[in-house]
Amino acid sequence: MTEFRSSVRGIYNFTKGLVVISGMATLACSTALAQDTIPWRHGIAMHGKPALPADYTHLPYANPEAPKGGRLSLGVQGTLDSLNSFALKGAWTSARGMKERQMGSFILESLLLRTNDEAFTLYAHLAEAVRMPDERNWIEFRLNPAAKFSNGDPLTVEDIIFSLETIRDHGRPPYARWYGKVVKFEKTGAHSVRLHFKDGSDRELPLLIALAPIFNSRTTDRETFGNTTLTPPIGTGPYIFSKIDPGRRTTYSRRDDYWAKDLPQKIGFDNFDEVTVDYFRDYNTLQEAFRKGDTEALIYQDPGLWASAGNFPAFEEGKVVRDEFVRGIPPNLNGIAFNTRRTLFSDKCVRQALGMLLDFRWINRTLFNGLYKRTNGYWDNSELSSIGRPASELEKKLLAPFPGAVDDEVLAGTWRPSEGDGSGRDRKVLRDALNLFKQAGYKLDQGKLINAETGEQFVFEVLVRVQEEEKVALALQRTAKLLGIEFSVRMVDAAQFEERRASFDFDALFSTWFTSLSPGGEQYARWSSEAADVKNSRNIVGAKEPAIDALIDELVAARSKEEFVAAVRAFDRVLISGFYAIPLYHTPAEWVARWTSVEHPAKSPLYGMQFDNWWHAPKE
């Protein structure tokens, strides 16, 4: 009987095991079936759906009738010592135009292509279709079988995996951080790959992955990827390097066999047979090159130069014209950044007081013909800005764990940068600034602002690289001297400026924070505590604020438009309240002068003008 019971128990356990295994198999099949029901699409958007239908014929800011041929000569201020902007070394001095919005993606491309006429929408490119679940814990790409590199090699799933792993292991932040979040690479077919993430908390991550530069795994050395190099990478883009003159010039030649030239996302783009980019140490030399016709287009940042941009014969003869491109996104924030790693600038009151000493009205009137507008926050002129808006209940909830991170005026939406009376020596502003310095432990003694404990005078250096920055710094210097502050203004060349910025070897310098309507993962590199002490990171000011870290997490994880807008506005308030920089000014439009030998579409995209949809237009 005992043996019989044991046999029955064994049969029962065996049967139970089969049921468990069967249940697990059923669950796995159900999960796989659920994944297979997710449809393939022609594009994806950060919030909402793509604006263009699957059968769109061309992007709205391209001219489908643009002629092919001719040559475009461009000039930029800076230098050239590398062909890899995705590695730490040479990141700030790498070739322009390899993969960027305004110049073009001449060499390197990504799985999906970002349209510049929507906040953050991507359309099929190297991948002919894409799909991902609502949870966004994975994304799958189906490669276009026609895609190939400039040397004829076909694009493979292995190239995708190789590119992400290589930048993850040898690239610079923020790219290494983004691509390091892929927990599993799954080859789902001969031309398809699925990338798995730990979870779907980072809602932007799948889109950032889709924009990764794709390298040829057969011609790229993984181990030396982090070094500077002048060896041209083999990409899938519409051009190849035909000439490289280190420090001076790169020349791109259009490929006749470019695989995507007839696809809708590239109709009207990449129209020139040849594009040259010349590098100039200073802006004056660049401007003279433009006036002589050595470069065919010039972007102006200085209102004074823009006002006089037509004072040369070619303009008077109608060979040069001026264009203004109005953008639909927040202006970039240009400001004087404080290095909070330095004891002198570790106190918020000090940073706030120095910001009050900038008399924008005087500077704008006397230096810039009144053409600039004052920048207030980090997302001005958009729904993402906190300026002029009291904090919503959702914002207050996000900020509740961080009392004191936002000033009362900023929370109420009533804060604005200090406005002097235009004299450059507004007594009320000077008194208010001095009171803040006193709160930080300083006092005015015999015409010098000194530390009340040590007796040391408040002394620092502002690093500048161009004349406009120098003029503004000198104006601030004159006002600061009225409070006994002594600071020097040091002009350095582009290479030294980048070296000192990358190594955080500065007190204060002029910096630009680029904006968009879809801020996300890039904010970690710009503002997170983790990036503050990483050399070459873009956290220039060295911010280490828990509220910043938490709000970046929130805006990246936001599932709805309401949640996203609230997170960005709260983030804006914390950045403003930290007084990490003195916000300066912005142009009301993009100012570009060009020779009439080149032309551009009538419609400018939301993010502003770009050169890769221009074309050659010789005049008879």
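Let's start with Glu563, which sits in helix H17; helices here are DSSP runs of H or I with at least four residues, strands are runs of E with at least two, and both are numbered from the N terminus. Keep in mind that this is a predicted model, where local features need pLDDT of at least 70, side-chain atom pairs count only at pLDDT 80 or more, and totals for chains, interfaces and linings use all residues. Residues are numbered from 1 along each chain as its sequence is written, and side-chain values use heavy atoms, with hydrogens and water left out.

Glu563 has a relative accessible area of 38%, so it counts as partly exposed (buried is under 20%, exposed is over 50%, and partly exposed lies in between, with a 1.4 Å probe and protein chains only).

Take Arg131 and Glu140: their side chains meet in a salt bridge at 3.0 Å, N to O, and both residues are buried.

Lys292 and Asp294 also form a salt bridge, with 3.9 Å between the closest N and O atoms. Here Lys292 is exposed, at 61% relative accessible area, while Asp294 is partly exposed at 42%.

Then there's Lys348, whose side chain meets that of Asp407 in a salt bridge of 2.9 Å, N to O. This pair ties together distant parts of the chain, 59 residues apart: Lys348 belongs to helix H8 (residues 348-356), and Asp407 to the loop between helix H10 (393-399) and helix H11 (408-412). Lys348 is partly exposed at 26%, and Asp407 is partly exposed at 22%. Elsewhere, a network of salt bridges links Arg342, Glu461, Arg490, Arg500, Asp505 and Asp507.

Let's finish with some strands. E9 (residues 239-245) and E10 (residues 249-254) run antiparallel and pair over 6 bridges; pairing calls for at least two DSSP bridges between the strands. Tyr239 has Arg254 in E10 as its bridge partner. Together E9 and E10 make a hairpin with 3 residues between them, and Gly247 in the turn has a positive phi of about 80°.

Notes:
Salt bridge = Lys/Arg side-chain N within 4 Å of Asp/Glu carboxyl O.
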